[in-house]
4 protein chains.
Amino acid sequence: MKNNKPKYNQIIEAAVQVIAENGYHASQVSKIAKKAGVADGTIYLYFKNKEDVLISVFTEKMGQFINRITESIEKKGNASDKLLALIDMHFRQLSEDRYLAIVTQLELRQSKAELRLQINKVLHPYLKVIDQVIEEGMQEGVFPRDLNVRLVRQMVFGTLDEVVTNWVMKDQKYNLVAQAPDVHALLTKGLSVS
Amino acid sequence: MKNNKPKYNQIIEAAVQVIAENGYHASQVSKIAKKAGVADGTIYLYFKNKEDVLISVFTEKMGQFINRITESIEKKGNASDKLLALIDMHFRQLSEDRYLAIVTQLELRQSKAELRLQINKVLHPYLKVIDQVIEEGMQEGVFPRDLNVRLVRQMVFGTLDEVVTNWVMKDQKYNLVAQAPDVHALLTKGLSVS
Amino acid sequence: MKNNKPKYNQIIEAAVQVIAENGYHASQVSKIAKKAGVADGTIYLYFKNKEDVLISVFTEKMGQFINRITESIEKKGNASDKLLALIDMHFRQLSEDRYLAIVTQLELRQSKAELRLQINKVLHPYLKVIDQVIEEGMQEGVFPRDLNVRLVRQMVFGTLDEVVTNWVMKDQKYNLVAQAPDVHALLTKGLSVS
Amino acid sequence: MKNNKPKYNQIIEAAVQVIAENGYHASQVSKIAKKAGVADGTIYLYFKNKEDVLISVFTEKMGQFINRITESIEKKGNASDKLLALIDMHFRQLSEDRYLAIVTQLELRQSKAELRLQINKVLHPYLKVIDQVIEEGMQEGVFPRDLNVRLVRQMVFGTLDEVVTNWVMKDQKYNLVAQAPDVHALLTKGLSVS
DNA sequence: GATGAATGAGCATTCATTCAT
DNA sequence: CATGAATGAATGCTCATTCAT
């Protein structure tokens with residue numbers, strides 16, 4: 001655990017706040033250090049460089065994010081319910097941490113290509129969770145058996161991501177979690193007339 | 001016509017290439033000027049500043065992009081066919097211009113908040129086109145009449161965007177256009193078992 | 001005469017105005033050309049370069065300036081009266097042309113050392129006029145015969161220059177010409193108790 | 001004391017030299033840094049920007065300048081002697097620091113309006129010292145009681161400034177300090193015949 | 001003579017990272 | 001472990017001048 005290293009966590013938390021408040025490009029190392037209550041140099045005792053701080057921010061937060069979603073869906077009986085739970089928890093967690101929402105949906109995307117590649121690696125386990133739900137649904141017969149899992153996953157993740165980004169850009173003015181059932185309905189039924 | 005202003009177009013085209021090849025942050029004005037075959041200062045005869053070049057790149061390209069999609073869908077008889085045509089042309093155009101695909105899916109997203117706001121404005125007409133197709137489908141009875149248009153549009157655009165981004169990140173190794181019918185099927189039928 | 005070359009004068013007059021209104025550093029060649037109603041390149045048909053425009057501005061204006069002072073003092077009977085007339089005309093001319101005052105007292109001094117050297121050459125005839133008045137006064141016995149002419153001239157010119165500069169920097173709020181008799185009295189009597 | 005901040009003084013001294021040697025406009029920050037033996041960025045640890053360096057140069061030097069003059073004149077018994085001491089010290093200090101003389105008389109005057117405004121503020125205390133000497137002389141009866149203090153001060157300062165500037169432009173070839181008694185005699189007696 | 005589109009040299013400032021203490 | 005003073009590379013933009021028309 002990183003609890004032994006309180007400064008590590010202080011820096012991570014400071015980074016999220018500083019980025020959310022100042023934007024990615026105005027988030028200097030010195031600003032993060034100040035908010036964390038440590039010297040600039042101290043950051044380099046815990047992280048290789050600035051990029052490493054950002055990746056670690058995403059890794060730490062995404063770890064929790066995925067864990068909660070996994071917990072949430074494993075109680076559910078079928079793939080459709082799991083998908084709803086996944087959407088609900090996805091929206092819920094970003095709703096509950098406005099800083100995190102801003103950082104993941106807007107600021108971290110401004111980073112250069114290399115960094116975003118590494119961020120995608122961190123995202124990978126989440127995409128696997130989505131894949132599992134889809135595959136489970138196919139096996140259960142809840143979803144069609146001939147789905148292209150990759151495409152479905154891209155539809156699911158792309159939709160959730162777009163919905164959240166729009167919500168963040170509208171200054172988080174409306175209730176995101178309340179949209180979960182509609183989004184779930186849309187994804188499962190598509191545009192087909194019942 | 002912009003044929004009267006050949007340098008304007010030279011600079012736009014150079015910018016797309018330079019950004020695609022070097023990445024957003026390594027695309028210095030001097031590099032764009034060199035590729036365009038003009039002096040650095042010449043860029044400032046046609047554009048207010050570097051940001052203006054980038055916005056213009058996006059505006060010019062997106063204008064053509066939307067026009068072709070609009071042309072393509074207006075021949076179609078019903079909303080479902082129009083949606084398919086839209087997806088097909090969306091994929092087709094980005095397939096045919098690998099530089100443009102890289103720039104729109106990866107590089108331009110690294111720009112700072114203000115610039116991205118303006119990019120969103122340019123994107124807006126495209127979102128309106130999607131909305132129209134959805135609304136038309138609802139009126140025709142091809143799509144359910146009780147759809148939340150905003151959510152559907154976010155699903156459609158989010159899905160297309162995610163599919164294209166994944167394709168770009170996989171170095172455009174597979175045939176993107178060939179995915180259009182499957183994506184269309186997915187969006188219209190969702191995950192429902194026939 | 002330069003009357004044959006109306007554009008020459010247009011450019012000179014435009015330069016004075018542009019410098020007075022925008023300050024020395026914000027007075028681009030293009031701005032002067034626009035105000036003069038000519039193309040940028042036209043300026044280079046009449047002047048070697050930008051510096052040449054500035055020197056010519058000063059030369060033209062200083063020529064008139066000296067001529068009027070010379071005319072004014074030659075009517076006077078003795079050196080002391082001539083000195084008073086010189087001071088009066090010095091103040092009067094700068095009072096009557098606020099643009100010229102700003103340009104000579106403030107803006108033209110921001111030019112680089114080389115240019116200022118040439119400006120000093122243009123100023124030289126005026127200093128000679130002052131010298132003549134002093135020497136005349138010494139011969140007449142109106143002024144002491146053992147004066148160091150150079151020092152006296154520096155006192156006279158330095159005083160006038162400082163008085164005018166202070167007046168310009170106080171936004172020309174008070175009557176400069178009205179100070180002439182007091183300045184004359186001061187220079188002639190000094191700080192001696194009568 | 002500024003001895004705790006050796007770099008601050010190194011930069012100030014380097015700036016004076018670089019400006020005197022290269023002229024105001026050719027005095028890049030990098031050149032000053034190099035002469036001071038520090039990195040470019042170090043300058044920004046001690047000064048807000050380049051202008052701040054220049055103002056600080058003038059402030060530091062003018063502070064010393066005024067202090068020495070104040071010390072020098074307070075020992076003197078009457079206003080006339082004080083004026084002589086002021087002139088002597090004014091000339092003496094600029095004679096002893098050829099770099100400072102060039103910078104104050106020529107280079108710093110090329111700065112733009114805003115900077116010159118701040119330079120004038122720094123000069124203000126010196127003008128007040130001159131005013132005090134004049135007022136003291138009027139009270140003592142050494143100078144006429146009906147003097148216009150402002151005008152006298154402008155005569156005194158204008159004369160000293162002009163004398164020093166001429167000396168600097170003549171490449172400091174003659175003995176400036178030796179002129180002090182003559183200048184004093186001129187200012188006190190004026191052009192009156194004894 | 002007149003035009004004005006094109007040129008390209010030149011520079012203050014920021015900030016991630018290091019390392020002596 | 002922790003500090004924070006010092007480093008130095010990196011770049012968008014302006015504008016005097018030219019020259020083909």
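The points below treat the basis of the values and then individual salt bridges.

1. This is a predicted model, in which local features need pLDDT of at least 70 and side-chain atom pairs count only at pLDDT 80 or more, while totals for chains, interfaces and linings use all residues. Residues are numbered from 1 along each chain as its sequence is written, chains are lettered from A and ligands numbered from 1 in the order in which they are written, and side-chain values use heavy atoms, with hydrogens and water left out.

2. Over all chains, the search of the whole structure finds 28 salt bridges (a side-chain nitrogen of Lys or Arg within 4 Å of a carboxyl oxygen of Asp or Glu).

3. In chain B, B:Arg153 and B:Asp131 form a salt bridge with an N to O distance of 2.9 Å. The pair links distant parts of the chain, 22 residues apart: B:Arg153 lies in helix 8 (residues 149-169) and B:Asp131 in helix 7 (residues 113-140). Helices here are DSSP runs (H or I, at least four residues), numbered from the N terminus. B:Arg153 is buried at 14% relative accessible area, and B:Asp131 is buried at 6%; buried means under 20%, exposed over 50%, and partly exposed in between (1.4 Å probe, protein chains only).

4. In chain C, the closest N and O atoms of the salt bridge between C:Lys82 and C:Glu136 are 2.6 Å apart. C:Lys82 is in helix 5 (residues 79-96) and C:Glu136 in helix 7 (residues 113-140), 54 residues apart. C:Lys82 is buried at 12% relative accessibility, whereas C:Glu136 is partly exposed at 25%.

5. In chain A, a network of salt bridges links A:Lys128, A:Asp131 and A:Arg153.

Definitions and conventions:
Helices (H or I, at least four residues) and strands (E, at least two) are DSSP runs, numbered from the N terminus.
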